[in-house]
Amino acid sequence: MSGLASQLINLFAAVLLLLAFAMISQRRVVSLIHLYTLQGATLTAATLVVGYATHQPHLYLSAALTLLLKVLLIPWLLHRVIDRLSVRWDVETLINIPTTMLIGILLVILAFHLALPVSQLSSTIARGTLGIALACMLLSFMMMITRSKAVPQVLGFLSMENGLFFAATAATYGMPMVVELGIALDVLVGILILGVFMFQIREQFDSLDIEHLEKLKED
Amino acid sequence: MFVFGIPLVGSAILALVGHRESAPDVNVAFSLGTFIAACVLTVEVISFGPLFAWDRAFFIDPLNVFIVTLTAFVALSTALFSRPYMRVERDQGKMTPPRLRLYHSMYQLFSFTMLLALTTNNMGILWVAMEAATLTTVLLVSVYRTAASLEAAWKYFILCGVGIAQALFGTVLLYMAAEKVVGSEGAALLWTNLDAIKAQLDPTIITLAFAFLFIGYGTKVGLVPLHNWLPDAHAEGPTPVSAVLSGLLLNVALYAILRCKVLTDGALASPLTGNLMMGFGLLSVVVAAFFLSRQKDVKRMFAYSSIEHMGLVTFAFGMGGPIANFAGLLHMTVHSLVKSAIFFTVGHASQKAGTQVMNEIRGLIKVNPTVGWGLMLGSIAILGMPPFGVFASEFLILITAMREHSWATPFLLLSLGVAFASVLSRVLPMVFGETSVKRLPHPPALIPVFVHLGIALLLGLYIPPYLSTWYREAARMIGG
Amino acid sequence: MMNALFDPAQWTHLDCVLAVVLVWLVIGLAGVCAARRDDVAPKYLFPAGSLFGIVLFGIALHAIFAPAEAAVLPIGLPQLPFHLRLDGLSAFFLMVIGGAAAGVSAFAAGYFRKIEGETAPGLLCLQYHVFLASMAMVVLADDAYAFMVMWETMALSSFFLVTADHRREENRRAGYLYLLIAHIGAIGILLCFGVLQAGSGDYSFSGIRSQEHTPFWASLAFLLALFGFGAKAGLLPLHVWLPEAHPAAPSPVSALMSGVMLKTAIYGFLRISFDLLHVQLWWWGLLLLGIGLATALFGIVYSAVQVDMKRLLAYSSIENIGLIFTAIGLCVLFSSFGMMPMATLALTAALYHVVSHAFFKSLLFVGTGAVLHATSERNLGKLGGLIRYMPWVAWVCLIGVLASAGLPPLSGFVSEWLLLQSFLFTPELPSSFLNMLIPVAAALVVLVAALAGYTMVKFFGIVFLGQPREAKLSHTHDAGAWERIGMMWLACGCVFLGLLPAQFIQVIDPVTRQLTGAGLGDQVAGNGWLLVPVAATRASYGPVIFLAGVAASVALAFLVVRKFYHGRLRRAPPWDCGFPWQLPRMQDTAEGFGQPIRQIFEPLFRMERQLPTPFDAQPRYKVIIEDHFWHWLYLPVARVVERMASLIGLLQQGRISVYLLYSFITVIAVLVWVTQ
Amino acid sequence: MNMLAVVSQFLEIVVALALAPLLTGWVNQWRAWLQNKSAPGLLQPYWTLHKLFNKDSVVAVHASSLFRVAPYIVFGCMTLACAIIPTLSTDLPLATAADAIALVGLFALARVFISLAAMDVGTAFGSLGSRREMLIGFLAEPALLMVLFTAALISHSTSLTLIVETLGQRDLAIFPSLAFAGVAFTMVSLAENARVPVDNPATHLELTMIHEALILEYSGRHLALVEWAASLKLFAYSCIGLALFVPWGVAEARAPMALLLALPALVFKLAIGGVLLAVLETISAKMRIFRVPEFLCTAFLLAVIAMLVHILLGA
């Protein structure tokens with residue numbers, strides 16, 4: 001049973017990693033959002049499995065939370081934003097995609113290397129997954145670096161959050177409930193604020209190209 | 001637990017009435033309440049020792065109670081200062097009523113998150129509070145809605161958000177390490193429990209955890225090279241916000257790092273945490289000092305000075321030992337006092353001159369001697385000139401460094417010298433000389449400035465015994 | 001204890017000194033409280049301060065002969081409360097502070113009547129008295145922290161005084177330069193203490209005293225002390241602030257800074273190199289000798305070519321500091337070879353010069369203050385002939401001028417005489433190399449002394465003698481009562497120090513006993529009016545007899561001439577060489593007077609001349625003299641810092657992705673670092 | 001101090017005051033002869049002084065009292081100088097009050113006062129003269145002091161009387177250091193006493209004169225005092241020279257006979273010295289004022305070398 005569960009979890013982990021790579025390589029904003037939604041879904045599933053396998057009821061709750069936030073609410077918000085601001089394209093990335101992929105692979109290796117000693121100690125059914133979570137995190141971090149528009153950056157930020165959630169779920173069966181709630185609240189408020197910001201930025205610079213945001217510097 | 005109850009209610013109320021004429025006074029009133037509550041709390045802790053609340057979800061010990069008091073105090077004086085300041089802003093048309101409302105409620109909410117972060121016993125909640133603090137301050141920074149302020153806020157949000165994310169990962173790891181020992185229920189994130197069992201925590205996980213936590217909260221402390229949000233946010237936000245950012249937020253972030261350091265030191269035999277903190281601290285001090293020497297915008301300059309001082313404090317805690325920890329705590333105190341005082345004066349100055357560019361601010365001492373002298377003395381104090389308290393702490397830090405890490409001393413002294421030269425050369429012409437600007441409609445509230453400077457002066461010459469015992473206690477807790 | 005506190009009869013010297021310090025602070029605060037009325041400070045407060053200056057002078061004079069007293073104040077750091085100690089050395093310097101402060105404050109009472117620059121007299125009064133108090137506390141401090149706090153407070157208060165007239169850009173610049181160098185010097189001193197405590201963590205001087213240092217660490221501490229205190233004293237090449245800050249400050253303040261504050265640096269240096277350090281290496285002495293002589297020569301040569309009277313005096317202060325350090329160097333040299341009597345002689349010379357310089361330089365500075373007040377003119381080229389309109393100031397200044405020119409029978413000569421005497425002992429040094437070197441040094445000292453004469457003649461002659469170069473000078477007024485009192489006090493100091501060396505050396509005796517273990521007191525005591533430092537067969541000097549001799553022959557000549565001839569006198573215009581259209585402006589100028597020096601010592605200056613050609617419509621002659629050290633030392637350092645700053649600025653180019661990249665790299669780096 | 005000491009002290013002063021003009025006259029006479037001019041009488045200086053004392057003294061209208069005091073002070077300084085230099089006897093009460101260094105200080109004092117007085121009137125000449133005088137002074141003083149130091153090192157004392165005694169008691173050994181010192185001293189005294197090649201007391205040529213420019217405004221009794229002081233200075237310098245380099249014949253303490261013998265010896269030595277000075281002045285040409293520093297620096301260096309030589313050779 002738990003064997004199956006852990007295999008399932010590993011599968012989801014792999015999917016997550018895959019999605020992360022996909023997000024790096026993806027240019028279109030809309031499909032980025034889709035990918036993000038998928039990520040959320042996978043996360044929900046993983047949480048459910050873990051919760052089921054380890055009989056941790058509060059994981060169901062957190063899964064529900066994830067579903068609500070990351071599969072429904074946030075993607076919906078983002079869609080509205082990009083419709084309003086009509087930014088469906090994120091044309092150029094700062095570093096071209098293949099290079100990014102290569103660096104990404106290096107990062108994955110590094111992440112595994114780092115997580116290996118930890119996951120060996122880990123007693124949970126999801127031992128290998130910590131490395132994957134870390135990898136996801138780093139990858140989305142890199143995505144934030146390489147994208148030059150606001151929306152993809154935010155998406156990178158959010159998928160980073162996902163990676164973290166996955167780490168929390170897989171490695172520790174989720175944080176204490178109160179913390180989960182707090183985190184969820186923060187994420188929600190954060191995304192709202194970001195949405196507002198994007199509108200303001202838009203009306204200030206009539207574009208979401210964050211290259212406009214380079215006025216404040218050491219001259 | 002009135003301490004953070006009051007600001008929470010305050011923010012709620014101000015969210016409704018924040019646009020009224022009386023809002024600033026209400027703001028002050030709430031801050032005052034918070035401060036009184038904090039004082040009561042302090043007395044309790046001093047008399048009865050550490051105490052818990054709400055089945056150990058909250059926890060006060062000498063370490064955080066002293067920062068709580070400091071926070072409440074600076075929040076109060078900043079509220080006092082922002083009364084006339086915001087009135088002027090409104091008259092100048094920079095602040096509309098809705099913005100004022102946002103400002104006031106966020107101000108209270110911010111101090112709530114600060115206090116929450118300080119008093120909570122739960123590392124998770126600590127993280128949540130820090131994130132919440134980021135969100136509130138992002139709103140505060142962007143309150144002017146100008147291009148520059150938006151940019152600053154954006155950078156602030158992204159950089160700190162990412163940083164904080166690292167911290168969350170660290171927290172997860174911490175939890176993971178903890179639950180192996182105490183089993184997986186909520187108690188595994190209570191700092192007190194962790195502190196009790198820190199010796200059994202698994203070194204490898206804790207090492208990773210601390211690395212992430214340090215980078216995460218270090219971003220908020222503004223350690224080089226994670227500091228880039230700090231000068232922008234300070235320079236573009238309203239001055240009271242710069243004051244609280246410098247005076248409070250950085251302290252609280254550092255406090256978070258300290259909590260983690262205590263645990264990690266318990267788990268590890270190696271001086272890893274110390275080395276990390278010393279390295280980043282030293283780097284921040286040196287780099288910030290050189291940044292100081294090329295500033296044109298007054299608030300930006302003092303933001304860099306904050307980076308420098310935070311670096312110094314981090315370095316001090318990194319060295320560890322009773323004297324260094326003592327010095328670090330002392331330095332935190334005087335820095336937030338003096339720096340907020342400086343920002344008050346700077347705020348008035350730039351309001352008068354209508355600009356933050358230093359070359360266009362001249363002869364303050366002529367227009368308004370109190371502001372002029374306040375800025376002068378403040379800068380002198382922040383530069384570590386006796387008899388102000390900053391010198392006392394820097395003296396202690398330096399002598400410890402000379403004794404234990406003499407290799408670092410030259411760098412410290414070099415950067416202190418550079419910082420001195422830079423800031424002084426900017427401040428002198430601002431304070432002295434001739435000018436033609438006129439006075440402001442609303443008389444500036446300068447009592448806070450001189451109260452702060454007075455306390456800093458006092459701490460330089462005479463540290464009252466109960467205060468010093470209190471510091472010692474805290475220093476011992478950090479593991480001196 | 002408590003009743004002891006309230007019963008002055010039981011007060012120790014230390015209590016009295018602290019009381020004076022407190023009173024000074026109170027006076028200062030009173031000045032601020034009464035800031036509304038500009039006449040309170042001058043009328044009542046400054047005279048009061050001067051009175052307590054005399055009190056301090058008396059107490060200190062008494063305390064020199066008393067055993068050392070120590071106390072611990074309840075203020076300061078918890079680990080390190082303020083330790084205070086009043087021993088011979090500190091009492092001696094307290095005496096200097098009190099003595100000079102008495103005169104200067106009295107003068108200031110007259111001087112600060114009009115508002116100088118921007119700062120109101122009340123605030124000036126506060127800064128001034130905090131300055132005095134901090135100087136007194138510096139010499140009392142007995143632990144590193146107290147010392148540093150007082151030291152920097154001294155620098156800070158004087159900085160505010162320097163920038164009292166901050167409307168002028170050059171004053172602000174001067175203040176900045178001053179505070180910066182002072183602070184950097186302070187950093188050096190702090191490091192020095194750090195080395196001295198030798199890892200013991202005990203920063204009280206008693207604790208430091210108990211440490212034993214290896215020659216290396218001792219030398220390091222010595223060099224740091226030399227750097228730190230040299231920056232304050234104005235030793236080459238850290239002297240640049242001095243000629244800027246002294247002219248900028250109000251004259252009484254320049255008087256205090258030059259006369260007293262520089263001496264606190266001497267105090268600190270003596271305290272560390274003789275009291276806290278136990279070993280002395282011969283090359284330290286050589287180093288001091290070299291730097292001292294270089295400073296002295298540099299100072300006096302630059303002083304000779306100045307055209308601003310306060311700058312001239314400032315450079316002359318650099319010269320005197322150089323002489324003092326020369327004497328100290330000689331002392332170190334001797335004591336490193338264990339020749340204590342000679343060391344004592346040299347040290348006595350140094351201390352004697354400390355006091356006499358304190359008096360005559362304060363006198364000259366307040367003299368310039370009086371002139372400045374009357375004429376509001378600092379440029380020598382616009383002064384002249386003032387002896388007719390302000391005879392008081394002129395004649396009192398003449399005393400100061402003669403003393404500072406090192407002429408018998410005034411105070412300056414005594415110290416130079418002692419210094420030269422100690423030079424004559426050097427052939428007894430065991431090292432022949434040194435023996436060869438020292439005569440050259442002695443020659444330089446004499447040259448410096450002679451140049452001082454040249455400079456002082458220039459100063460006095462151009463300011464007070466000749467015809468007024470500006471029309472407005474002809475209705476200037478003489479100094480007021482308070483100013484006269486202050487100047488008289490200082491002048492009396494010069495005269496007494498000049499005439500009664502044998503008696504005054506009794507005062508120095510305990511100090512030298514404390515530092516070198518020997519004293520000249522007994523040696524000198526026996527010979528009444530004669531000053532016999534070593535042995536009657538070696539050398540002797542009797543200023544009183546000397547003065548009597550000159551006076552007698554002057555009087556005799558006068559009487560004889562009157563007796564056998566007549567006293568008829570006719571007034572007539574001076575001979576105009578057959579060119580009747582002479583104007584006062586055609587008199588020899590300050591530049592002209594300095595010209596020979598400029599020629600002889602050309603390599604020492606960085607000059608840019610602008611000479612008129614025969615075809616100029618308005619021919620004008622301009623010569624700008626600059627300090628080499630700016631271009632050798634200071635500007636390069638500034639450039640390096642700028643370069644670094646511009647490099648570091650590249651870190652922050654405003655692109656958020658780059659910032660994220662920093663964080664990213666940091667994460668990776670830290671992770672990699674922690675996991676191995 | 002016994003009676004004899006007082007007597008010899010008194011005698012010295014009198015002799016100095018009396019002989020100084022005579023020496024000047026003697027030198028002038030010889031110089032005239034050497035230059036094939038008809039010489040003034042030997043006693044001419046006395047007549048000049050007498051005449052000047054009888055004249056009214058004319059003082060510039062705006063001259064301050066300093067101007068009138070200065071001549072007396074200068075005269076007093078020179079008298080004291082002559083009093084402390086052992087010319088006849090080495091048993092001089094006053095000599096204990098001022099040693100070699102004080103002697104130099106004494107000369108400096110006189111110089112400063114005369115220069116200030118010259119600047120007081122404020123004519124171009126006055127300040128020009130005082131500037132040149134001080135220029136010479138600050139170069140000559142160190143040289144003179146170095147010379148005296150050399151002697152002082154030999155005799156381990158700066159007191160002039162002791163120097164003379166030690167030097168006088170030695171047998172006729174040549175001190176190489178003293179040879180250098182002698183040359184240096186000669187150069188210095190030429191400069192100090194306004195002699196060719198540095199200055200020419202005979203002319204009033206604006207471009208060259210130093211001493212005459214200083215005292216240009218003086219007349220009557222003031223001028224007389226200044227002139228007398230000048231000749232006293234010459235006398236003093238000659239006596240120093242004699243005391244250092246030919247110290248024989250100066251009376252030791254408590255030797256009344258020697259005291260009587262000392263006078264003719266002194267006169268004889270002075271006469272020779274005067275002739276030599278005249279010869280020196282005749283054979284050398286007046287140099288440009290800008291050359292003077294070089295001239296004096298040479299003297300200064302020679303004096304320092306003298307000291308070094310002494311330390312090196314112990315002689």
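**Close-up views of a predicted model**

**View 1. Strand pairing between chain C and chain D.** Strand β3 of chain C (residues 569-572) and β1(D) pair in the parallel sense, over four bridges. C:A572 stands opposite D:A60, which lies in β1(D). As in the other views, the coordinates come from a predicted model.

**View 2. The side of chain D that touches chain C.** Chain D puts 68 residues into the contact, and chain C puts in 61 residues. On the chain D side, the elements that give two or more residues are the helices α2 (44-54), α3 (65-84), α4 (100-121), α5 (124-155), α9 (220-245) and α11 (291-313), together with the strand β1 (57-60). α5(D) gives the most to this side, with 16 residues. Sorted by class, the side of chain D that touches chain C has 43 nonpolar, 18 polar and seven charged residues.

**View 3. Helices α3 and α7 of chain A.** The axes of α3(A), residues 57-85, and α7(A), residues 177-205, come within 11 Å and cross at roughly 0°. Angles under 35 degrees count as roughly parallel, and α3(A) and α7(A) are therefore roughly parallel to each other.

**View 4. Residues in the contact of α3(A) with α7(A).** From α3(A), the residues shown are A:H58, A:L61, A:S62, A:L65, A:L69, A:I74, A:L77, A:V81 and A:L85. In α7(A) they meet A:M177, A:E180, A:A184, A:V187, A:L188, A:I191, A:G195, A:M198 and A:R202. By class, this contact has 13 nonpolar, three polar and two charged residues.

Key:
Residues numbered from 1 in each chain as written. Chains lettered and ligands numbered in written order. Predicted model: local features only at pLDDT ≥ 70, side-chain atom pairs only at ≥ 80, totals over all residues. Axes fitted to C-alpha atoms, helices over the stretch in contact; angles between N-to-C directions. Parallel < 35°, antiparallel > 145°, perpendicular 65-115°, else oblique. Contact = placed C-beta atoms within 7 Å. Nonpolar A, V, L, I, M, F, W, Y, C, P; charged D, E, K, R; others polar. Pairing = 2+ DSSP bridges.
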